[in-house]
Amino acid sequence: AQPRGETWTGHTRRRFFRGILTLTQEGIDSMAQRVEHHPLDAAFAALLNNGLDGAGEALRILVNEASRIERNHFLNAQPHERTAERTDYANGFKSKTMMTRVGELTFDVPQVRGGGFYPSALEKGSRTEQALNIALAEMYVQGVSTRKVITVLQALLGPEVSISSTQVSRAAEQLDAGLAVWRERPLDETPYVFLDARYERVREGGQLVDCAVLVAVGITHSGHRRVLGVSVALSEAEVHWRAFLDSLVRRGLKGVKIIVADAHAGLNAARRATLPSVPWQRCQFHLQQNAQSYVTRLDQRKPVAQRIRAIFNAPEKTEAERLLRQAIESWRTEAPKLAQWAEENLPEGFAAFCLPVSQRVRLRTTNGLERINREIKRRTRVASIFPNTASCLRLVSALLAECDEEWMTGKIYLNLKN
């Protein structure tokens, strides 16, 4: 119809119809925009435009919408709805990045003012994330490199997955609580105790230092081996060994009849201060190795080793002392430094002669601990350098806890009934 009070001219008609077309187009665009922003249509669009590569985006959209709907049910009200049944108010969203089966996705987690709400869909996802973190921690303990971890995860979750060494270490931190409980567990009567240390490279105070890993293993009254404790210290100085031994006594270590260890100055001083009345058995294997440093002729190394071995294999202490005197007399002329060293050091390996014959072989050396140290080295060489002492203690504790569990449920290591 012609507008009242106006004359239809060509220019007026053009302006009128142009306005109608503009309003119509805006309405169509607005409708299309509403359709485009519908979550289900947006998910379909992600799949149609990107194929299977859009599965992650489609999943993110659907989970976000499901979370919004679940929040509305939790609040008993729709957004901006005024109702007496409303229990709380919406409070925006927080981003949360999670690892899913289609890769890493960032979801919008709905928030509630009073708290107490979390989407059930993301709770299920968090269990998957926890399972992934546990797998990462297990691979960390097994000494698998970060590169190999990424390869495994890409095979499972897709080539877009990227895991950094920081993420692996963060996942491994989940072990800390359980390992701290294991390190502080109560101890009991332990007749025989083995002590040793090895070194790992650790960043400390912005510098690379060689930190000492102090390890204690014992044989309990039941004859089973147990890992008594572990600590990471800056060195093997007396103060560190003494703190370590004090912690074992504080946790209930008692009934110690003999300590088997090497001749570390700090360890000896700490041992005398903490367990002064307990005999010390110096490792016979290392004594035999140390003697080679005082043999000047290569053709004499094997005879010297055989002679020292014969001394340690003597049936009783008096016979060992007799063989040692003979050896010293024969070495005084041809190897005086060896004779002096043997006279001062070899008797430190005679404490085992006070033990029953059936127990001597396993109580005269620290070879059992050396095997543990080799296993630790096999696992830690992947890390090469630890970022801090906590990460070093975590990995070594996990390895020793695993070893302790195997010993506890395995065969008796030493029969103490006889």
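What follows is a walk through this predicted model, from its confidence to a few of its helices. Residues are numbered from 1 along each chain as its sequence is written. Because this is a prediction, local features need pLDDT of at least 70 and side-chain atom pairs count only at pLDDT 80 or more, while totals for chains, interfaces and linings use all residues; side-chain values use heavy atoms, with hydrogens and water left out.

Let's start with confidence. pLDDT is the predictor's confidence in each residue, from 0 to 100. The chain has a mean of 81, and 76% of its residues reach 70 or more. Helix α8 (residues 238–250) comes out highest, at 95, and helix α1 (residues 10–36) lowest, at a mean of 53. (Helices are DSSP runs of H or I with at least four residues, strands are E runs of at least two, and both are numbered from the N terminus.) Over residues 28–36 pLDDT stays under 50, and the model gives that stretch two contacts beyond four places in sequence, a contact being heavy atoms within 4.5 Å.

Now look at α13 (residues 336–345), where L338, A339, W341, A342 and N345 are buried. Those buried residues fall within an arc of 165° seen down the axis, so they line one face of the helix; the arc is taken from the directions from the helix axis to the C-beta atoms. K337 and E344, on the other side of α13, are exposed. Here buried means under 20% relative accessible area, exposed over 50%, and partly exposed in between, with a 1.4 Å probe and protein chains only. The buried residues of α13 pack against β7 (280–282), α10 (284–291), α11 (301–312) and α12 (317–334).

Take α10 from that list: its axis and that of α13 come within 11 Å and cross at roughly 165°. The two helices are therefore roughly antiparallel (over 145 degrees) to each other. L287, N290 and A291 of α10 meet L338, W341 and N345 of α13 in this contact.

Helix α7 (residues 176–183) has L179, W182 and R183 as its buried residues. They sit within an arc of 95° down the axis of α7, so they too line one face of the helix. A177 and V181 are exposed on the other side, and the cover over the buried residues includes β5 (225–233) and α16 (389–409).

Last stop: R68, in helix α3 (residues 55–75). At 30% relative accessibility, R68 counts as partly exposed. Beyond its neighbours within four places in sequence, R68 contacts F93, D108 and P110. P110 is 42 residues from R68 in sequence, yet their C-alpha atoms are 6.4 Å apart.

Technical notes
Axes are lines fitted to C-alpha atoms, for helices over the stretch in contact, and angles run from 0 to 180 degrees between N-to-C directions. Angles under 35 degrees count as roughly parallel, over 145 as roughly antiparallel, 65 to 115 as roughly perpendicular and the rest as oblique.
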